[in-house]
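The following paragraphs lead through selected features of the structure shown below.

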Amino acid sequence: MEASNDLIALAGNPNAGKTTLFNALTGSIEKVGNYPGVTVSVKQGGMRSAHGKALDLIDLPGCYSLEGGSPDQQIARDVLRGDNAKIPKPDLVVCVLDASNLERHLQIALEIIELEIPVVVALNMVDLAEKAGLRLDPVKLSEELGVPVVPIQADKGKGLVELKQSLGHPFPATPEIHWETGDAESRRAFGLQVADLAARRPEAHTSTVSDKLDRILLHPVLGWVCFIGIMFTLFWSIFSFAGIPMGWIESLQDWTTGIIEGAMAEGDLRDLITQGIIGGVGSVVIFLPQILLLFFFIGLMESSGYMSRAAFLMDGFMSRVGLSGKAFLPLLSSYACAIPGVMATRTIDSPKERLVTIFVAPWMSCSARLPVYLLLVPMLLGGSEGGAKQALIFLSIYVLGTLTAFVVARILRGKLGPDEVPTHFLLELPPYRFPQWKYIFRHVLDRGWAFLKNAGTVILGIMILLWAATTYPKLDSDDPAEVLSHTIVGRISHVIEPIVKPMGFDGRTGTAILTSFAAREVFVGSMAQLFHVDEADEDSETRNSIRDQLAKETWPDGRKMFSPAAVISLLIFYIYALQCLPTTAVVARETGSWKWGIGQFIFMTVFAGVASLIVYQLAKLFGLA
Amino acid sequence: MPPSLVQDLESDSLLSLTQAQVGCDFQIRRLEGPGCDQLRNLGFCESIQVRKLANGRNLICSVCGTRVALSSDLADQVKVEPTDS
C-alpha cells in the first residue's frame, strides 16, 4: 500500500456484499459467498477514482456493531477506530448496506458516522429489495443521514461509476449527528425512523422463493433427506465422476513418458525424468480433478446460500458434542483443506468453541489425504477401483475421522468449561441466490493452481531428493532389493523398521510416511519410487501398478507385506496424523500460541501412531495379517 | 401504580417468541435477558415486526425482511404481542 494514496475502507454487516464490491472495484478474485462471515481478514487492493486518482482499498470483515463480537469483527472495529498497528485509519469509509434490510444495516453506518470519518453509503442489492416490494428512496436516505448514498448492484457491476465519482476529492464532510452520540438506544431509534422513511416495506408479508425453498430444505424430515442427498452427490462426484478426467491425466502421463523414453538414451537422467519427475509428481497431479470438484461443490453451497441452512440443520447434532451449528461451516471447509477451515472458525463467537473447532478440524479428511486413500482402499478389495464396496469404505473413512473429531471435541469442550459470557445460536439465513459462477470458477481454478504449484515445487523437490536417495550410492548387482538396501533410503529404512514394524509396515513404508510429513500427498509418489524395483514395469506411475507392486511385496518369512491388517493400519495412520506444516502454522497464528499448534501436531501424530498400532495388532489377532 | 409493577403486569401479558404461533406476525415489545445485544445486532429491536416461520430447537423467523434462525433460549428473551392485523 502506497502511503501517499488515500485509503478507502469497505465496511458493513456480514453478507452485505462488501467482497463482491471489492472484487468489482479492484478486479480481484477474493472469495465471495452467500453466508455471513466469508471474509475473516482484511483484504487489500488498488483502484482508481472516476478522475483516475489512485486509491487504496481495504475490504473489512463484516460486523454488526463496533462493540463486542467475534475476532474477525474486532479486526474491522480496530481498523475503523485507527487502533490497528498495521493499517492506518481510513480516509473514507464506504458503508455497504443491504437495501432489503436497512433497519439493521443502518446501525453500523450510524456508528461509523459517529467516528467522524467521511462516509459514503453504497446501497447494495437494490434489485432484490425492489423485487421484494420495498419502495426505496436513496435521496431521502442521503438527506436524513447527511452523507452521499449511491444505489448499486455490485454483482452486476451497476452503479460503480457513480460510486467512484462519489469517492473523488473533496471527500464528503462529516455530517451533523441527529441522535445522541454513543447512546445505542437513541442511535437505534434514529436508524429505524430513517429506514421507515427511505425503505417502505409492503404491508402484507409476501412469500418469496426463498421462503418456499426453505419450507422444503429446512423441513424436519425433507430437509435431512435433501442434506444427505447433497452430501451424497458431493462425495459420489469426487469418487466416481472424477475418474473420467483422472483417466485423461493418466493417459497424458503415459504419453509423455513414452515420448521421453523413445527420445532419450537409457541412463540416470532419463530415470530421473520418467520415474522421479513424471512418475512422482504425476502420481500427485492425478488427483487434481477431485480437488477441483470438492472446492466447486463447497463454492456452490456457499454462493447459493445453502451453507447457512446446512449449519442450521446440523446445530442439533453439533450441540451434542459441545459445538454449535456455526462450527459446521469451518468443519465442512476442512474436508477441502484445513487451512481455510481453521480460518473460518473466526465467525464462531464463543472463544472456547472456536478453540475446540480449530483443534479437531484437521481430522476432517482433507483433499490431500485423497490420493493416499485412493491408493490404499482398492488394495482391500483385491485391487479393483470403483464400485459400491469402495464407496462404502470411503464413507467409513470420512465417518471415522469425523466421529473421532466429535468425541475429542466433546471431551475437550467439557474440560475447557463453559464460556464466561454465554453465547447462543443466532444465524442469518440469507435469501437463496444464483451462484456467482465467475467467482466460483475463478476460486476453483485458483485452488487448483495452488495445488499444482505445490506439486511443482515442494513435491517435485521431495521427489527429486527421494529419487537420488533411492538411486545412490549404486551397487553393481542384479538383485533390485539388494540395490535398494545399499542406497541412502535403504539405510534409513533399516533404522526406521523396528519402530514401524509393530504397526505392520516395513522400513520403506516408514520412509514414505516420513517424507509425507512435509505434505501428505507425497506418500503416493514416495511409495511409487520406493517400491519401483521392477524396471520391466512400464506403467509404474499409475496407481494400479503401484498396487500390483505392493501386492507382490513380502516379508523375509514369505508373508504378504500389504495384508489387509497392514493396509487398514496405514489408512488409520493417515486418517489421524496431522502431516501438514502450514496447518500447524495457521493454528498457531489463529490461537495466538505455538503451544496449541505444536500440541495439536504432537497429539495427533501420537494418536495416529497408537491407533495404527492397536488396529494392526487387533487385526493380527483376527488373522487378517 | 408504581412503574415497575406496570412493567411486570405488561410482561405477564406478553408472549415470548418461543410461545408465539407459527405463521403469525408479532410486534417486538421488549427484550429481556443476557442475549439482548446479540439480538439487537440482527435486527430484533423494540417496535419491529417479526413473523415466526418455524418452531423447533432453533426457531426461524423473519425480521426486517431477513430470515434468522435463533435458539429457543434466545427466543425466550424476545417478548412479543400479536399485531392488530
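Is A:F607 buried, partly exposed or exposed? The model is a predicted one, and in this model A:F607 has a relative accessible area of 27%, so the residue counts as partly exposed. A:F607 takes part in an edge-to-face aromatic pair with A:Y576, with 4.9 Å from centre to centre and 80 degrees between the planes. The angle is over 60 degrees, which is why the pair is classed as edge-to-face. A:Y576 belongs to helix α25 (residues 564-576) of chain A, whereas A:F607 belongs to helix α27 (residues 594-621) of chain A; the pair therefore ties together parts that are 31 residues apart in sequence. A:Y576 itself is buried, because its relative accessibility is 6%. Both residues belong to one aromatic cluster, formed by A:F359, A:W363, A:Y576, A:W596, A:F603 and A:F607.

Over all chains, the count of aromatic pairs comes to 19. One of them joins A:F296 and A:F441, whose ring centres are 5.7 Å apart and whose planes lie at 25 degrees, so this pair is stacked. It links distant parts of the chain, 145 residues apart: A:F296 sits in helix α12 (residues 288-304) of chain A, and A:F441 in helix α19 (residues 437-471) of chain A. With a relative accessible area of 18%, A:F296 is buried, while A:F441, at 43%, is partly exposed.

The discussion now turns to helix packing. Two packed helices are described by the angle between their axes and the distance between the axes. For helix α5 (residues 138-145) of chain A and helix α7 (residues 184-198) of chain A, the axes come within 8 Å and cross at roughly 155 degrees. That angle makes α5(A) roughly antiparallel to α7(A), because angles over 145 degrees are placed in that class. The crossing of α5(A) and α7(A) is right-handed. On the α5(A) side, A:K140, A:L141, A:E144 and A:L145 meet A:F190, A:V194, A:L197 and A:A198 of α7(A). By class, this contact of α5(A) with α7(A) comprises 6 nonpolar residues, no polar residues and 2 charged residues.

A:A109 counts as buried because its relative accessibility is 0%. Apart from neighbours within four places in sequence, A:A109 is in contact with A:C95 and A:L97. Between A:A109 and A:T347 there are 238 residues of sequence separation, and their C-alpha atoms are 21 Å apart in space.

Note on methods: Residues numbered from 1 in each chain as written. Chains lettered and ligands numbered in written order. Predicted model: local features only at pLDDT ≥ 70, side-chain atom pairs only at ≥ 80, totals over all residues. Heavy atoms only, no water. Axes fitted to C-alpha atoms, helices over the stretch in contact; angles between N-to-C directions. Helix = DSSP H or I, 4+ residues; strand = E, 2+ residues; numbered from the N terminus. Parallel < 35°, antiparallel > 145°, perpendicular 65-115°, else oblique. Left-handed = near helix turned anticlockwise from the far one by under 90°. Contact = heavy atoms within 4.5 Å. Nonpolar A, V, L, I, M, F, W, Y, C, P; charged D, E, K, R; others polar. Phe/Tyr/Trp six-rings, centres within 6.5 Å; stacked < 30°, edge-to-face > 60°. Buried < 20%, exposed > 50% of the residue type's maximum accessible area, 1.4 Å probe, protein only.
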